[in-house]
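Welcome! Take a moment with the sequence and the 3D view below, and then let us walk through some of the packing together.

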Amino acid sequence: MGKLKLDDIETRTPQPIVQDTVLPKIPDGFFPIDALPSKMKLYPEGTRIFSRPLKILEVKQLSMINSDNFNEVINAVLEKTVKGIDIGDLIIADKLFIIFWQRANTYKGDSFAIEHKCNLCGEESKYNFDVSQLSLIDINDKFSVDQDFALKESSDILTFTQLTVKNEINTSEYLKKDPTADEDLLAIASVINTINGQPHPIKYKYTWLTNLGVADVLYLTQYFQSVEINLNPMLSVACSKCGGLAETPISFRPEFFLPEYRTE
Ligand SMILES: [Zn+2]
């Protein structure tokens with residue numbers, strides 16, 4: 001290598017400073033999940049969420065699911081199978097998506113095909129469950145946690161968040177203490193982030209809502225529904241006989257998590 005001359009140094013263009021983009025390392029056995037309904041817009045910048053196929057004890061745990069223990073069982077399994085985020089901060093639509101992702105990646109191939117009866121021609125067939133068949137309503141681009149929402153009758157200004165695992169737990173704990181509480185209003189109370197700039201506990205927000213004018217309650221309910229991130233657990237299944245696309249509701253039944261192994 002020749003000696004550098006002053007001319008060479010002076011004509012060199014300065015190198016741009018390259019920011020080290022430190023991507024979180026993928027934990028062993030885990031995979032990044034990049035197609036979440038929230039598109040990661042509500043998580044801290046740079047958040048990446050990882051998960052892995054289920055192990056047998058987790059599958060058995062999920063197969064004990066019923067309407068009473070639903071959230072507890074799912075949250076307990078997610079604690080072990082999701083990395084990159086505190087489970088409490090997961091948006092509910094993302095949580096459901098991850099469960100479907102786990103189901104699809106735990107059971108691959110025809111041995112775990114799900115039976116399907118075409119509601120157009122009656123043909124019975126089977127399909128392999130895949131997350132790409134799920135209907136998703138992705139985050140509405142007009143939603144922002146900082147956006148003010150002004151009520152019409154009262155002069156109050158609200159901001160909203162999306163329903164998270166933590167909100168859901170707060171709501172169910174509230175319902176245990178007060179079983180007569182209205183569940184729809186509680187759900188709305190749990191996603192109100194601030195009232196006139198102030199955060200409040202769920203009890204305050206619920207009581208505040210129950211005393212608000214009816215028109216305002218309906219107005220804000222309608223608003224929140226229009227910006228809510230939803231995951232619609234419907235599958236589009238194509239019939240092999242008539243070719244028709246049937247929308248099949250998919251539910252978390254024990255057999256969904258612990259299907260029979262079929263050899264044929
Ligand atoms: Zn058919």
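At what angle do α6 and α7 pack, and how far apart are their axes?

## About the model

This is a predicted model, in which local features need pLDDT of at least 70 and side-chain atom pairs count only at pLDDT 80 or more, while totals for chains, interfaces and linings use all residues. Residues are numbered from 1 along each chain as its sequence is written.

The protein chain holds nine helices and 11 strands. Helices (H or I, at least four residues) and strands (E, at least two) are DSSP runs, numbered from the N terminus. Of the 264 residues in the protein chain, 21% are buried. A residue is buried if 20 or more other C-beta atoms lie within 10 Å of its own, exposed if 12 or fewer, and partly exposed in between, with C-beta atoms placed from the backbone. Among contacts in the protein chain with a separation of 6 or more, 66% are between residues 24 or more positions apart. Two residues are in contact if their C-beta atoms, placed from the backbone, lie within 7 Å.

## Helix α6 and helix α7

Now for the answer: α6 and α7 pack at an angle of about 120°, and their axes are 9 Å apart. Axes are lines fitted to C-alpha atoms, for helices over the stretch in contact, and angles run from 0 to 180 degrees between N-to-C directions. The angle makes α6 oblique to α7. Angles under 35 degrees count as roughly parallel, over 145 as roughly antiparallel, 65 to 115 as roughly perpendicular and the rest as oblique.

α6 passes α7 in a right-handed crossing. A crossing is left-handed if the near helix is turned anticlockwise from the far one by less than a right angle, and right-handed if clockwise. On the α6 side, Leu185, Leu186, Ile188, Ala189 and Ser190 meet Ile202, Lys205, Tyr206, Leu209 and Thr210 of α7. Sorted by kind, the residues of this contact of α6 with α7 are seven nonpolar, two polar and one charged. Here Ala, Val, Leu, Ile, Met, Phe, Trp, Tyr, Cys and Pro count as nonpolar, Asp, Glu, Lys and Arg as charged, and the others, Gly among them, as polar.

## Helix α5 and the cover of α6

α6 (residues 183-191) also meets α5 (residues 165-177): their axes come within 10 Å and cross at roughly 140°. That makes α5 oblique to α6, and α5 passes α6 in a right-handed crossing. From α5, the contact uses Asn167, Asn170, Thr171, Tyr174 and Leu175, and from α6 it uses Glu183, Leu186, Ala187, Ser190 and Val191. These residues of the contact of α5 with α6 divide into five nonpolar, four polar and one charged.

Which residues of α6 are buried? They are Leu186, Ile188, Ala189 and Ser190. Their cover includes α5, β9 (192-195), α7 (202-210) and α8 (214-227).

One of the elements covering α6, strand β9, belongs to an open sheet of three strands in the order β7-β8-β9, with antiparallel pairing. β7 and β9 stand at the edges with a single partner strand each, so one side of each has no neighbour in the sheet. Two strands pair if DSSP finds at least two bridges between them. β7 (residues 149-150) and β8 pair over two bridges, and a hairpin of six residues joins β7 to β8. β8 and β9 pair over three bridges.

Leu158 of β8 stands opposite Phe149 and also opposite Ile195 in β9, while the bridge partner of Phe160 in β9 is Ile192.

## A closer look at Thr194

Leaving aside neighbours within four places in sequence, Thr194 is in contact with Leu158, Thr159 and Pro199. Thr194 and Asp148 are 46 residues apart in sequence, and their C-alpha atoms are 9.4 Å apart in space.
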